[in-house]
Amino acid sequence: MLKGAFAGLLRNVMPSGGIDRGELERLRALAFAILAPAPDTVIRVNEINCTDPACPGQETVILIMEPGTRTRALKVQAPVEDVDENAIRKAILADNGAGAGIAARAG
């Protein structure tokens, strides 16, 4: 049986993990609408168990893979179902202000 952080990392891969695929697609579509990237840009959304003591537990990561540029990782310190347009916009602002991989809190 999988336990701890390892189980959380596989939550998106295993059907029994509990993440609603519709929620992942909702956030992906929302990120596309907000960012309006080039058509060949790939956006992936995942939820992970953050092992950093500063994290609240679940963290939503939005990867933006645009050809010819470095992959950006927008992080929202909240589970997928708690992430909304405002949280994504905060993560974008944090990313633009301080570089890739900066986290924002939902709410």
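How much accessible surface does the chain have, and what share of it belongs to carbon and sulfur atoms? The accessible surface comes to about 6100 Å². Carbon and sulfur atoms account for 56% of it. This is a predicted model, and the points below take it part by part.

1. **Overall layout.** The chain holds 3 helices and 4 strands. Along the sequence they follow the pattern α-α-β-β-β-α-β. The chain has 107 residues, and 30% of them count as buried. Take the contacts between residues at least 6 apart in sequence: 41% of these join residues at least 24 apart.

2. **Salt bridges overall.** The whole structure contains 4 salt bridges. Side chains of opposite charge can pair when their charged atoms come close.

3. **Arg 26 and Glu 23.** The side chains of Arg 26 and Glu 23 meet in a salt bridge, at 2.9 Å from N to O. Both residues belong to helix H2, and because they are 3 residues apart there, about one helical turn separates them. Arg 26 is partly exposed at 31% relative accessibility. Glu 23 is also partly exposed, at 22%.

4. **Glu 25 and Arg 28.** Helix H2 also carries the pair Glu 25 and Arg 28, 3 residues apart, or about one turn of the helix. They form a salt bridge whose closest N and O atoms are 3.1 Å apart. Glu 25 has a relative accessible area of 41%, so it counts as partly exposed. Arg 28 is partly exposed at 30%.

5. **Glu 85 and Arg 89.** This pair sits in helix H3, 4 residues apart, which means a separation of about one helical turn. Glu 85 is partly exposed, with a relative accessible area of 36%. Arg 89 is partly exposed at 39%.

6. **A negative patch.** Which residues gather in a patch of negative charge on the surface? They are Asp 20, Glu 81, Asp 82 and Asp 84. Asp 82 lies in the loop between strand S3 (72–76) and helix H3 (85–98). At 46% relative accessibility, Asp 82 is partly exposed. Glu 81, another patch member, has its C-alpha atom 9.9 Å from that of Gly 22, although 59 residues separate them along the chain. Gly 22 itself is in helix H2 and is partly exposed at 41%.

7. Two residues here deserve a look. Is Thr 41 buried or exposed? Thr 41 is buried, because its relative accessible area is 5%, under the 20% cut-off. Its place is in the loop between helix H2 (21–35) and strand S1 (42–49). Leaving out residues up to four places away in sequence, Thr 41 touches Phe 32, Ile 64, Met 65, Glu 66 and Pro 67.

8. Ala 36 has a positive phi of about 45°, although it is not a glycine. Most residues other than glycine have a negative phi. Ala 36 is exposed, with a relative accessible area of 60%.

Methods:
Residues numbered from 1 in each chain as written. Predicted model: local features only at pLDDT ≥ 70, side-chain atom pairs only at ≥ 80, totals over all residues. Heavy atoms only, no water. Helix = DSSP H or I, 4+ residues; strand = E, 2+ residues; numbered from the N terminus. Buried < 20%, exposed > 50% of the residue type's maximum accessible area, 1.4 Å probe, protein only. Contact = heavy atoms within 4.5 Å. Patch = residues over 30% accessible without salt bridge, like charges linked within 9 Å, V, L, I, M, F, W, Y side chains within 5 Å. Areas by Shrake-Rupley, 256 points an atom, 1.4 Å probe, with all protein chains shown as cover. Lys, Arg positive; Asp, Glu negative; His and termini not counted. Charge placed at Lys NZ, Arg CZ, Asp CG, Glu CD.
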